[in-house]
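Please look over the sequence and the model shown here before reading on. The report below then takes up strands, helices and a few single residues in turn.

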Amino acid sequence: MVLGIESSCDETGAGIVQGGRLLAHVVASSMDEHARFGGVVPEIAARAHLHAFNPVVRQALDEAGLRPGDLDAVAVTTGPGLSGALQVGLAGAKTLAYALGVPLYGVHHLAGHVAADTLEHGPLPDPCVVLIVSGGHTSLLLVRDLVREPILHLGDTLDDAAGECFDKVARVFGLPYPGGPAIDRAARGGDPAAVAFPRPLRAAGGQDAYAFSFSGLKTAAARWAEEHRRRGEALPVADGAASLQEAVADVLTRKAVAACREYGARTLVVVGGVAANSRVRDLAQRRCASAGIALRVPPMTLCTDNGAMIAAIGDLLVRSGAEPAPIEVTVDPSAPLAYAALNPVAA
């Protein structure tokens, strides 16, 4: 019975998993507190985690019909993320683990996103290609055994992540934060072919074959909006949002399907906050179907940051016989993704 704690950004999550089965899933978001600033403010996020930690853990236990003493292990995000936010989650998780006398497992946040899919669709096929796409990360991975083997990076973003591009362009378009859902809503009334936005690195070869770059696309969208305003014209937001969304979805899904073909993977798993985007899901489904590739995407509630995904990794680590984190484990706000377990120790 594994409790998972997630506090890397602006969601405080607690989840409970047993044997791959989700028993509880509770999230408290501080997004509304950040919205007026147009982005996450680290100090506000850390304070919100401090206030939400005990309530979300209590609610998760109640939802699962458990008492604290029923827990067998605690897993917690130790990186990457906002330093102060991570520290709050780790401090709370350490307190629980040591008070209950159960092992503590440090977990890489991005591996948690990958594991979220197992709660809906079961064990990951070996091998599979995973597309992680969120506000801060865009990566293509080759995954075999998620908790026993190293995770191979086929490509990562060279600058802005896809979700970051959505957030920044939404602000230029006058849409609210967070930008991803706002762009998705606005795009429903627009023409995805209205604006010929660039497809960055779409046909790149060599070491950049599976790399991503969204900084230029963000700039192109900003210049398009500025040109309309310079001429005193009303900004066709719906067309701009639909065209931007189409460019992002096109690049993401094209490279992901190509990676599946090259590496002989019959399954593509799309995870992270941008996996909730309707056009990304739809285009991935159509391209995977044409290529004979199975597509797995977690439910919308498991795409964004949550404690259930951390509990899922903790559960896999426990069942694999992995060593728990040492008592001096700390956080690593910029930790690269190499393994699912992340147990950094300060020098």
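## Terms and source

Two strands are said to pair if DSSP finds at least two bridges between them. Helices (H or I, at least four residues) and strands (E, at least two) are themselves DSSP runs, and they are numbered from the N terminus. This is a predicted model, in which local features need pLDDT of at least 70 and side-chain atom pairs count only at pLDDT 80 or more, while totals for chains, interfaces and linings use all residues. Residues are numbered from 1 along each chain as its sequence is written, and side-chain values use heavy atoms, with hydrogens and water left out.

## Strand E7 and its partners

Strand E7 covers residues 138-143, and Leu142 stands opposite Leu152 in E8. E7 and strand E8 (residues 152-156) pair in the antiparallel sense, with four bridges. E7 also pairs with strand E6 (residues 128-133), again in the antiparallel sense, and here there are six bridges. Cys128 stands opposite Val143 of E7, and a hairpin of four residues joins E6 to E7.

Six of the six residues of E7 are buried, so the strand is largely enclosed by the rest of the structure.

Strands of a sheet pair through backbone hydrogen bonds, either parallel or antiparallel. In this model, five strands form an open sheet with mixed pairing, and their order is E3-E2-E1-E4-E5. Strand E3 (21-29) and strand E5 (104-108) are the edge strands, each pairing on one side only. From one strand to the next, the twist averages 20°. Here axes are lines fitted to C-alpha atoms, for helices over the stretch in contact, and angles run from 0 to 180 degrees between N-to-C directions.

Strand E4 (residues 73-79) runs parallel to E5, and five bridges join the two; Val76, for example, has Gly106 in E5 as its bridge partner. Helix H3 (residues 83-100) packs on the sheet, where it touches strand E1 (2-6), E4 and E5, and its direction makes about 160° with that of E4. Contact, here and below, means heavy atoms within 4.5 Å.

Thr12 is found in strand E2 (residues 11-18), and it counts as buried because its relative accessibility is 4%. Its side chain makes a polar contact with the side chain of His49 at 2.6 Å. A polar contact is a pair of N or O atoms within 3.5 Å; within protein, one must be able to donate a hydrogen and the other to accept it, and residues adjacent in sequence count only if both atoms are side-chain atoms. Leaving aside neighbours within four places in sequence, the contacts of Thr12 include Glu6, Val26, Ala48 and Phe53.

Two packed helices are described by the angle between their axes and the distance between the axes. The axes of helix H6 (residues 162-172) and helix H8 (residues 215-230) come within 10 Å and cross at roughly 5°. H6 and H8 are therefore roughly parallel to each other, the word used for angles under 35 degrees, whereas over 145 counts as roughly antiparallel, 65 to 115 as roughly perpendicular and the rest as oblique. On the H6 side, the residues that meet H8 are Cys165, Lys168, Val169 and Val172, and among their counterparts in H8 are Leu217 and Arg229.

Helix H7 (residues 179-187) is mostly covered, with seven of its nine residues buried. Among these buried residues are Gly179, Ile183 and Asp184, and what covers them includes H6, helix H9 (237-263) and H10.

## Two further buried residues

Asn277 lies in the loop between strand E9 (267-271) and helix H10 (278-291), and it is buried, with a relative accessible area of 5%. Leaving aside neighbours within four places in sequence, Asn277 is in contact with Phe166, Asp184 and Gln245.

Met309 belongs to helix H12 (residues 307-320) and is buried, with a relative accessible area of 0%. The C-alpha atoms of Met309 and Ala116 are separated by 4.5 Å, although these residues are 193 residues apart along the chain.

Methods. Buried < 20%, exposed > 50% of the residue type's maximum accessible area, 1.4 Å probe, protein only.
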